[in-house]
Amino acid sequence: PLWNEKKIDKATRVWFKYLSNDKYALANINLNINKGDRIGIIGTSGSGKSTLIDILMGLLKPTKGELKINNININKKINETYLISWRNSIGHVPQSIYMTNKSIAENIAFGFRKDEINYKLVKKSAELAGLSKFIEKKQLGYEYCFGENGVELSGGQKQRVAIARALYNEPDILIFDEATSALDLKTEEFILDSLKSLPKYITLVFISHRLSTLDMCNKIYRISENKNLELIK
């Protein structure tokens with residue numbers, strides 16, 4: 001794998017600004033992530049959290065500075081294969097999820113043809129996301145359709161589908177981008193509690209504007225008014 005257990009992901013003195021803006025969206029960012037870490041990143045709306053995540057995911061290239069995986073600067077043209085490998089190792093759980101009017105198995109294995117679906121992996125992903133018992137109570141199980149955009153599912157259940165979908169690709173790192181911010185506190189607590197059972201080899205990065213959602217993290221950073229990172233835990 002690109003990211004082995006002894007190496008770390010480093011964002012070293014990263015600065016970023018959008019072409020349409022003279023001001024830096026992020027300034028002098030230094031961040032180390034060990035494999036298996038539970039990292040929390042907190043900041044107000046517009047502070048640069050999403051920009052930082054896009055840089056970590058290899059979707060944006062720093063204006064200045066380097067993103068290194070195993071000490072390899074993945075944004076160099078010569079290292080393009082590493083960049084692609086890094087992107088493929090990441091599972092992204094967004095704030096909201098789009099679901100098709102197809103079976104729950106097809107929604108978890110999103111992007112795969114029905115004849116390509118690994119049902120063993122679908123069930124494992126649903127189990128890790130805390131969704132398998134609910135699905136298996138349905139008469140059709142994983143062939144059951146919950147309607148266009150998951151109309152029969154609650155907000156919390158749809159977020160579990162989003163987590164299962166991300167887990168289906170067997171990622172090394174899971175990024176939760178404000179993934180529970182639209183849920184009520186009780187539902188959010190249930191989902192966060194289920195994440196504690198995820199394998200320790202999966203690195204988790206949580207983006208939030210509420211400190212209370214980051215209790216399970218071993219490191220918590222805040223994006224300051226100066227657009228850099230402050231370690232607060």
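Asn73 is buried, with a relative accessible area of 11%; buried denotes under 20% relative accessible area with a 1.4 Å probe and protein chains only. The model is predicted: local features need pLDDT of at least 70, side-chain atom pairs count only at pLDDT 80 or more, and totals for chains, interfaces and linings use all residues. Residues are numbered from 1 along each chain as its sequence is written, and side-chain values use heavy atoms, with hydrogens and water left out.

Asn73 belongs to strand S5 (residues 72-73), a strand being a DSSP run (E) of at least two residues and a helix one (H or I) of at least four, numbered from the N terminus. Leaving aside residues up to four places away in sequence, Asn73 touches Glu66, Leu67, Lys68 and Asn79 (heavy atoms within 4.5 Å).

A pocket is an open set of points on a 1 Å grid over the protein atoms alone, with protein on both sides within 12 Å along at least five of seven lines; lining residues have an atom within 4 Å of a point. Volume is the space filled by probe spheres set on the points, which are joined across faces, edges and corners.

| Pocket | Volume | Lining by class |
|---|---|---|
| Largest | about 270 Å³ | 6 nonpolar, 4 polar, 2 charged |

Asp, Glu, Lys and Arg count as charged; Ala, Val, Leu, Ile, Met, Phe, Trp, Tyr, Cys and Pro as nonpolar; the others, Gly among them, as polar.

Residues lining the largest pocket include Met57, Arg87, His92 and Arg165. Helix H2 (80-88), strand S6 (90-93) and helix H6 (155-168) each give two or more residues to this lining. The lining of the second largest pocket includes Glu188, Glu189, Asp193, Lys196 and Asp215.

Methods: On a 1 Å grid over the protein atoms alone, a cavity is a set of points where a 1.4 Å probe fits but cannot get out, and a pocket is an open set with protein on both sides within 12 Å along at least five of seven lines; lining residues have an atom within 4 Å of a point. Buried means under 20% relative accessible area, exposed over 50%, partly exposed in between (1.4 Å probe, protein chains only).
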